[in-house]
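Here are my notes after a pass through this model. They cover ring pairs, sulfur links and cores, in that order.

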Amino acid sequence: MMLLLVLPFFLQTSEAFNSNRMEPGDLCWFYYICDSEGNNKIGEIKDSTFVNTPVKCQAECEATAGCEFFTFRQLNSVTVCELMTSCNNKGQCSDEMKCQSGPYDCSQVNPCPMITYTEGDAIWSCNGLIDPYKDPVPHGYTCHTSCGSWKSLDETDTSIASTTCNNGAWSTVMMHPDSNALVNPPDQNTACKCQDFKIWYNPNDEPGADFYCTKTDFSAASPNNILQIDPTEECVLMCDNYLAATISCQNGAWLDADPELGISCYNKPPPLDGSSTSTTETTTAVETTSGYTDSTTSGYTDSTT
């Protein structure tokens, strides 16, 4: 009787202890190819009726001295099982479901924990069909994220952050192209914020412009009263009754507008320092091609003159 009571307890605690360990299959394997480099390839079994599945290839690796990783390929007319001492570089497989690689013993491999999303964080995505917000990320999988405000060193491109799950821990985050943005690994929060969008003028002062936002009224904006578009609101710019822009902040980038250019229809907004936006100043109204009159008394200059 005592043996019957102890045995279930042992099985329960044993399963709990190994609950984060991986069984052979998707959470342990990855759909890449372990690249052959130097002398890391120590064996190959081709077109074998005995080693014709990823499970059998993994078992062959486990039974081979020095084998740490395997790669199994299901080609059109042949199967290939490659035995490797290492898998430092992974190659892309054109048909992910026809290539599997992994360690010789999945019980020695831990996945990276599922990511918890916090509002305002950068959003991660992973190779394959893994949803890191619903499932653990298998060993060897790489995840990526980007944010519109993470600019390359020359400010011309948006940088992409990437990191790889390595036996339950994330590798150092790499930025491509190089960037000064500080991005944490997925198990730590990294905010993705839009650049401040400052408005020091009333966009509606420009003839033909009709600008309004869901939260902020910019009619009182001035160099002495600088306002900002709230990243959580949506704004609309109409130019002579034409919908020119629907402005909002999404994934760290402003859509349909650029804070460096400001909000306007035909002419550049007045500069913050009060200097003229044109080399030719005029205080008289001029007729634009749209049929509207434009005057510098509103704070705008006609860029067509």
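1. How many aromatic pairs does a search of the whole structure find? It turns up six, where rings of Phe, Tyr and Trp (its six-membered ring) pair if their centres lie within 6.5 Å, with planes under 30 degrees apart called stacked, over 60 edge-to-face and the rest tilted. Take Tyr32 and Tyr141: the ring centres are 6.5 Å apart and the planes stand at 70 degrees, so this pair is edge-to-face.

2. Before going further, some ground rules. This is a predicted model, in which local features need pLDDT of at least 70 and side-chain atom pairs count only at pLDDT 80 or more, while totals for chains, interfaces and linings use all residues. Residues are numbered from 1 along each chain as its sequence is written, and side-chain values use heavy atoms, with hydrogens and water left out.

3. Where do the two tyrosines sit? Tyr32 is in strand E1 (residues 32–34) and Tyr141 is in the loop between strand E7 (125–126) and strand E8 (142–151), so the pair ties together parts 109 residues apart in sequence. Strands (E, at least two residues) and helices (H or I, at least four) are DSSP runs, numbered from the N terminus. Tyr32 and Tyr141 are both buried, meaning under 20% relative accessible area, with exposed being over 50% and partly exposed in between (1.4 Å probe, protein chains only).

4. Phe197 and Trp254 make another pair: with ring centres 5.3 Å apart and planes at 90 degrees, they are edge-to-face too. Phe197 belongs to the loop between strand E11 (174–176) and strand E12 (198–199), and Trp254 to strand E17 (residues 253–255), so parts 57 residues apart in sequence are tied together. Phe197 is buried at 0% relative accessibility, and Trp254 counts as buried at 11%.

5. On to the cysteines. The whole structure has ten disulfides, defined as pairs of cysteine sulfur atoms within 2.5 Å. One of them joins Cys57 and Cys81, with the sulfur atoms 2.0 Å apart. The torsion about their S-S bond is about 85 degrees, so the disulfide is right-handed. Cys57 lies in helix H2 (residues 54–62) and Cys81 in strand E4 (residues 79–84), 24 residues apart. Cys57 is buried at 0% relative accessible area, and Cys81 is buried at 0% as well.

6. Strand E8 carries cysteines from two further links. Cys143 in E8 is joined to Cys126 in E7, 17 residues apart, with 2.0 Å between the sulfur atoms and a right-handed 95 degrees about the S-S bond. Cys147, also in E8, pairs with Cys192 in the loop between E11 and E12, so parts 45 residues apart in sequence are tied together. Here the sulfur atoms are 2.1 Å apart, and both cysteines are buried.

7. Which residues touch the most other members of the largest nonpolar core? Val137, Trp150, Ala161 and Val183 do, out of 25 residues. Such a core is a set of buried Ala, Val, Leu, Ile, Met, Phe, Trp, Tyr and Cys residues joined through side-chain atoms within 4.5 Å. E1, E8 and strand E9 (158–166) each supply at least two of its residues, and E8 gives the largest share, three residues.

8. Beyond its neighbours within four places in sequence, Ala161 is in contact (heavy atoms within 4.5 Å) with residues including Trp124, Cys143, Trp150 and Val183. There is also a second, separate core of 21 residues, among them Cys213, Leu237, Cys239 and Ala245.
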